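Please keep the sequence and the structure in view while reading.

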Amino acid sequence: MTVTRDLDAGIAALDPLGADAVMRSLPQANIAADTAWLLSRAVHVSQHAAGIRDVAPARAALRDLGMLTASLARHTGQDIAPPAVEAAMLHLGEVADEIPRETVYSYSTRNPRGPRRRSFTDTPGEHRFIDEVTAASDALDIAIEHCRHLSAAVDKHEADAGAGIVHHQLRAFGGHLLTVKRHLTPQYFTGRLRPYFPALTIAGTTYYAPGGAQMPLLVIDVLLLSQAANGELAAWFEQYLDDNATYLPPHHRALIDAARGVPGLARLANRHPYLRSATGTLIDDLLRFRLPHRQLARANMAIRDEGSLGSGGYTTDALDQLIAVTKQARALLTPGAPRE
Ligand code: HEM
C-alpha cells in the first residue's frame, strides 16, 4: 500500500453522513431530474456535518455532499449551493484540509466498490470510468513514491533501476486512459457524464469539478519538469500548478511545494548525464499519455458548443501547452543541448 491508497481506502469505507441509502438512490433522482428530492436530501444530510471533527470522515462527507450538490447544480443550472449545504461544505473543507467540495480523489480512490459505490448515473460506462480513473490514480501513487527519490540516485545503475519501476506504473496509467478511450464514446461522456461536473461557487470562490488536472500526475509533472520550460511557457506552467495543486490532498500538495523550488529531473539530467536515459524514458511516458489523451479531449470538444471548457475549466489549449512544456523538458536531454 502507498500513502494515498491507505488513506483513501479508509475514507471509502466511511459513511459519516449516514448517506448510503441516499447515494444509492442518486442515479434514479438524476434520471428523473428530481430537484426537490436532491435539495431535500442535500439539506438533510448536511445536518450531520457540524459534528464531524476528523479528517477522514470530513473527506468522506465531502464526497457524498459534493456529489449531491453537483447533481442539484446540474439540474437547476445554478452554480451555488443552498446556504445550509454551503455552510456544511465549508466546515468539512476546513476539517479535511482540502477544498470545500468533492475532488477527483473523492470520485475515484475514495469511492467505495460494490453496492456502496457512488455514481451519478449508475451506467456501465460511468462504473468503467470510475474504475479506470481509480486504477490510473493508484498507478500514479506508486510512481510518485519511486520518482521522488530518483534525484538522489548516485549513478546510472541506481537511476535506471528506480526509473524502471516508475516507467512500469506510468505505462499502466496510460493504459487506463486508452481503455476509457476505447469504451466511452464522446457522445456518452460529453452528453451523459460531463454535465455532472459543474463548477460551483462556494463562499464567493469558484471551485472546479473533479477532473484530470487534479490527478496525482501533477506531482510527477513537477518532479520531472520543474524549471525546465522557458519564457511564457514557464509562466503558464507555474500558473497551471498554482491553479490545480490546491485541489490535491495535503501530502501531495507538500510534495509539489517542495519540488517546485528546485530543478526537476529534466534540468538535473541536463547537467548529470547518468540521469539522462532514466529521465528520457519517463518524459516519453508522459508524452505517450498526453498525445492520445489530447485526441480524446479534442473528439469530445468537437461535439460541444464553441468555447466549452473541460471540468477543470480549461480548453484543449491547456493540453497543447502541457505537451509543449513536456517537449521542452525532453529537449534538455538531447546530447549537445545547451547546459542550463
Ligand atoms: C472522455 C474522457 C476525457 C475527456 C473528455 C478529458 C478531457 C480533458 C480536458 C479538457 C482536460 C483539461 C483540463 C480540464 O479542463 O479538465 C483534461 C486534463 C487531464 N485529463 Fe482528461 N479527459 C478524459 C479522460 C481522462 C482519463 C480517463 C484520464 C486518466 C486516466 C485523464 C487524465 C487527465 C489528466 C492527467 C489531465 C491533466 C492534463 C495532463 O496532465 O495532460 N483524462 N482532460
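## Helices α10 and α12

In this predicted model, helix α10, which covers residues 217-225, packs with helix α12, which covers residues 250-260, at an angle of about 15 degrees, and their axes are 9 Å apart. Because an angle under 35 degrees counts as roughly parallel, α10 and α12 are roughly parallel to each other. The crossing of these two helices is left-handed.

The residues through which they touch can be named on both sides: α10 contributes Leu218, Val219, Val222 and Leu223, while α12 contributes His252, Leu255, Ile256, Ala259 and Arg260. Sorted by class, the contact of α10 with α12 has 7 nonpolar residues, 1 polar residue and 1 charged residue.

## Helix α3 and its partner α4

How are α3 and α4 oriented to each other? Helix α3, made of residues 35-46, packs with α4 at an angle of about 155 degrees, with 9 Å between their axes. Since angles over 145 degrees count as roughly antiparallel, the two helices are roughly antiparallel to each other. In passing α4, α3 makes a left-handed crossing.

On the α3 side, the contact involves Thr35, Leu38, Leu39, Arg41, Ala42, Val45 and Ser46, and these meet Asp64, Leu65, Leu68, Thr69, Ser71, Leu72, His75 and Thr76 in α4. Grouped by class, the residues of this contact divide into 7 nonpolar, 6 polar and 2 charged.

## Helix α3 and its partner α5

Helix α3 also packs with helix α5, which spans residues 83-96, and here the angle is about 45 degrees, with the axes 9 Å apart. The crossing in which α3 passes α5 is left-handed.

The contact is formed by Ala42, Val43 and Ser46 of α3 together with Ala84, Val85 and Ala88 of α5. By class, the contact of α3 with α5 has 5 nonpolar residues and 1 polar residue, and no charged residues. Ala42 and Ser46 of α3 are also listed in the contact with α4.

Turning to the whole chain, it is divided into domain 1, residues 3-116, and domain 2, which consists of residues 125-198 together with residues 210-331. The centres of the two domains, taken over C-alpha atoms, are separated by 27 Å.

How many residues of each domain take part in the contact between them? In domain 1 there are 20 such residues, and they are in contact with 19 residues of domain 2. On the side of domain 1 that touches domain 2, the elements giving two or more residues are α1 (3-12), α4 (55-76) and α6 (104-107). The residues on that side of domain 1 divide into 7 nonpolar, 7 polar and 6 charged.

## The surroundings of the ligand

The ligand is surrounded by 28 residues, of which the closest are Gly211, Gly212, Gly310, Gly312 and Tyr314. Four elements are named as giving two or more residues to this shell, namely α7 (124-147), α8 (156-183), α14 (276-301) and α15 (317-331).

Which element gives the largest share of the shell? The largest share comes from α14, with 5 residues. Considered by class, the residues of the shell around the ligand divide into 16 nonpolar, 10 polar and 2 charged.

Terms used: Residues are numbered from 1 along each chain as its sequence is written. This is a predicted model: local features need pLDDT of at least 70, side-chain atom pairs count only at pLDDT 80 or more; totals for chains, interfaces and linings use all residues. Domain bounds come from an automatic or database domain assignment. Two residues are in contact if their C-beta atoms, placed from the backbone, lie within 7 Å. Ala, Val, Leu, Ile, Met, Phe, Trp, Tyr, Cys and Pro count as nonpolar, Asp, Glu, Lys and Arg as charged, and the others, Gly among them, as polar. A residue is near a molecule or strand if its C-beta atom, placed from the backbone, lies within 6 Å of it. Axes are lines fitted to C-alpha atoms, for helices over the stretch in contact, and angles run from 0 to 180 degrees between N-to-C directions. Angles under 35 degrees count as roughly parallel, over 145 as roughly antiparallel, 65 to 115 as roughly perpendicular and the rest as oblique. A crossing is left-handed if the near helix is turned anticlockwise from the far one by less than a right angle, and right-handed if clockwise.
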